[in-house]
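This report describes a structure in sections, going from the overall build to single residues. The sequence and the structure come first.

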Protein chains: 2
Amino acid sequence: MKVDLSVRGMRDYFPEIYYRLNRIFRVWRETALSYGFEEFDGPVIETLDLYRIKSGEEIVKQLYNFTDKGGRELALRPELTPTIARMVSRIQNEVPKPIKWFSIPRCMRYEKPQKGRLREFFQYNVDIIGEDEGIADVEVISVAVDSLCRLGLSEKDFVVRINNRNFVSGYFSSLGFDKRITGALYKIIDNAAKVNSETTSSALEELGLYRAQNEAVRKYLSLKSAGDLKTFEVTNSGKEALLNVFSLLEAAEINEFCAFDPTVVRGLDYYTGTVFEIFGRSEKMRAICGGGRYNNLLKEFSGVDIPACGFGMGDVVLGEILAEKGLVPPYEKSIDYFIVRVTDNELDLTLKIARSLRNRGRRVEYNYKLIPVKKQMARASRVRSAKVLILGADEISTGTVVEKDLATGVEAETPIKSFFE
Amino acid sequence: MKVDLSVRGMRDYFPEIYYRLNRIFRVWRETALSYGFEEFDGPVIETLDLYRIKSGEEIVKQLYNFTDKGGRELALRPELTPTIARMVSRIQNEVPKPIKWFSIPRCMRYEKPQKGRLREFFQYNVDIIGEDEGIADVEVISVAVDSLCRLGLSEKDFVVRINNRNFVSGYFSSLGFDKRITGALYKIIDNAAKVNSETTSSALEELGLYRAQNEAVRKYLSLKSAGDLKTFEVTNSGKEALLNVFSLLEAAEINEFCAFDPTVVRGLDYYTGTVFEIFGRSEKMRAICGGGRYNNLLKEFSGVDIPACGFGMGDVVLGEILAEKGLVPPYEKSIDYFIVRVTDNELDLTLKIARSLRNRGRRVEYNYKLIPVKKQMARASRVRSAKVLILGADEISTGTVVEKDLATGVEAETPIKSFFE
């Protein structure tokens, strides 16, 4: 029997694939730790209600959900934020604020698999909970930027597009826009970066906007930089917060990675202040990362008002960009010692030396089956062992083995007892 | 609103819990790497058929399964072995043997949650594929033993109980046992360690065994050591293989962790040779680890005969044993520098120094909101920062900051430029 039993949209992480993934995880983890974040995780299985609370019935179409054998309506997590909210609500009275947490959860979404989008993925989540200062927004943006830089990307490769939901909503409400069209309006704004201005304009007309309102939206969309923003006629608290964020980004010297972008409004209802998305500068791809401030979300779970901000960064789009930029180091199995035995009389000593070196932190292999020495040497090269130990009766009788450095070819007789010291 | 949205049998891995889990993962990973194994993983979602192939319809009751929106019958993986078989079948013509793979998959089972058993868990898997030598069996046992030792356990804490399925089946078939009762017989044998000999005896009678057969089983069950095994009247290839394994375990100097145990037969159909289970010596608990040789399993997936052996070790029972033995180090957040600023005039410099030190691999925090210096110092102690940098206008005007070692209390003036070198 030979049938294809793999599931659409899922990946098999063979060692050379897992190695690339693990490198991303390591950089993500080290960067978040360097910022003083603590690692946590939640279960893959949550109640379906957890997602309904935040996103309504609409979300159910986009995730894996099912009823378990006990009749529970469950879902496989499509993202971590609802889990964070649920977990924080369990402990928020006991821990000092701000809570600085990060995680690299495995998530699943029932989406059409395509470039940059799979049904199983990993998503780096970095969140600061219990802090309403703009500096916290800057801190999470900084973690995202440094994580990408440590993977080899630079300001030439990606840009953090930043906006503020309070600025946008304040501006449009000051113009007398009907609140009921906010959702549709944000969709047009979000889309404006991808289409030409005529398309945007006619979409705005279809929405039933007056000519003056249409003009106001187009004027808003013409803002290209934090400088434009500063001189923009409108003033509200969102704009002040946004300008403060840009000034802090400059102080932290990450402003060259960042730009104001009026089209960034983030579709999700729960964002309240700073919002941002990271895109590759050249690719027509999905966002590498998205995040912002979600001050009202935790209240829905805990009943207590706790401000929060954070981001999610998936492994799929990022992995594709790293590959395109040639920033994926080749996979090499790395072994410190390969032990070659001349006959099976040396098998016992092979086992003893191997275990001793391994327990001293060295990576050690030997061939399980006795094969000719030449073939064992070939295998040592194939697994890229740094050194080979050759165990032969003559040397062993004098208490030594031959140690060969495979890079230099240099051979020496090494006392057996040195492997046990 | 404050409702409990957590799912039965699932864990929330808060930072102090994740820290303990992560320590286990790190030791598992380092040990397997030291043996030259390569890390891989598969998806959490597999086809339900993948598990039916191996375990029949019975398995469906014990796992989470569902039909997705595309009508696919899917399951959340309850273990990794079928995934390994599926993945190996994809690449087995391309890669040299033996394949030495390990993984730390997240798995889910629909079981009644209880001590040592949860619905979501992690399971260390170590497998050697394409090698039929007893030394490969010994190698995986050795990885399991060393992983536990590196977590602080010793031969006083756990024992590897070893047997060989070919020895058992060969013995009983030589006695003319009906093959159809093998399953029921193995269950009684497996249970014999937990009940008294009368219970075992009457269970054997119920099975319809003749008195002589019943005697033969009890004689088999009276074998207590590899020494007993050696002098046991029966000889077959399974016994020879088992004695060879014990002799290699002695050569590798891990025999003190191991014992022959006739009651270890492993319920699963697919085991063929060496089988083993690891138990805590004192606890009445589920096995820490189970494994063995499964030479026929891969044939079912790939059509090609590939011998294999390996084990699975879950995090739940192991975590409980480590806690009972006091082998869980306390969680401490670890920070290298906490930056204290006297006023917000020093915020820009705080951001610059923080980012520079972080990108040099140091863990750095500061307070987002400006609070009194005394409170900032208290926060530095609470996060157990090694050092505090105090940024005040006077020192900054001379190009320095005050650096205080929180362990010794010693203060010094450090040039600001040193943080950027």
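## Basis of the description

The model is a predicted one, in which local features need pLDDT of at least 70 and side-chain atom pairs count only at pLDDT 80 or more, while totals for chains, interfaces and linings use all residues. Residues are numbered from 1 along each chain as its sequence is written, and chains are lettered from A and ligands numbered from 1 in the order in which they are written.

## Overall build of chain A

Chain A holds 15 helices and 17 strands, where helices (H or I, at least four residues) and strands (E, at least two) are DSSP runs numbered from the N terminus. Its radius of gyration is 28 Å, well over the 22 Å that the globule rule gives for 421 residues, so chain A is more spread out than a compact globule; the radius is taken over C-alpha atoms, and the rule is 2.2 Å times the number of residues to the power 0.38. Along the principal axes, the C-alpha atoms of chain A fill a box of roughly 95 × 55 × 50 Å.

The domain assignment, which is automatic or comes from a database, gives chain A a domain 1 (15-42 + 77-324) and a domain 2 (335-420). The centres of domain 1 and domain 2 of chain A, taken over C-alpha atoms, are separated by 53 Å. Of the 421 residues in chain A, 43% are buried, a residue being buried if 20 or more other C-beta atoms lie within 10 Å of its own, exposed if 12 or fewer, and partly exposed in between, with C-beta atoms placed from the backbone. Among contacts in chain A between residues at least 6 apart in sequence, 68% join residues at least 24 apart; two residues are in contact if their C-beta atoms, placed from the backbone, lie within 7 Å.

## Strand pairings in chain A

Strand 4 (residues 73-76) of chain A runs antiparallel to strand 2 (residues 45-47) of chain A, to which three bridges join it; strands pair if DSSP finds at least two bridges between them. In this pairing Thr47(A) stands opposite Leu74(A). Strand 4 of chain A is also joined by three bridges to strand 3 (residues 65-67) of chain A, again antiparallel, and here Thr67(A) stands opposite Glu73(A). The hairpin of strand 3 and strand 4 of chain A has five residues between the strands, and Gly71(A) takes a positive phi near 80 degrees in it.

Strand 16 (residues 400-405) and strand 17 of chain A pair in the antiparallel sense over five bridges, with Glu413(A) in strand 17 as the bridge partner of Val402(A). Five residues lie between the strands of this hairpin, in which Gly409(A) takes a positive phi near 80 degrees. Strand 17 (residues 411-415) of chain A is hardly covered, since the count of buried residues among its five residues is zero.

## Relation and contact of the two chains

Chain B is superposed on chain A by a rotation of 180 degrees with 0.0 Å of shift along its axis (RMSD 0.0 Å), which is the relation of a two-fold axis. The superposition is by least squares on the C-alpha atoms of residues with pLDDT of at least 70 in both copies. Phe66(B) is the residue of chain B that comes closest to the rotation axis, at 3.0 Å (C-alpha).

The contact takes 74 residues from chain B and 75 residues from chain A. On the side of chain B that touches chain A, helix 13 (residues 347-359) of chain B gives the most, with seven residues. Because 100% of the interface residues of chain B are also interface residues in chain A, the copies meet through the same surface.

## Helix 5 of chain B and two single residues

In helix 5 (residues 165-174) of chain B, the buried residues are Arg165(B), Asn166(B), Phe167(B), Val168(B), Tyr171(B) and Phe172(B). They pack against elements of chain B including strand 8 (158-164), helix 6 (182-191) and helix 10 (237-251). Just after helix 5 of chain B, Gly176(B) takes a positive phi of about 80 degrees.

Gly319(A), found in helix 12 (residues 315-324) of chain A, is buried, with 20 other C-beta atoms within 10 Å. Leaving aside its neighbours within four places in sequence, Gly319(A) is in contact with Arg20(A) and Ile24(A). Glu206(B), found in helix 7 (residues 197-206) of chain B, counts as exposed with 10 C-beta neighbours inside 10 Å.
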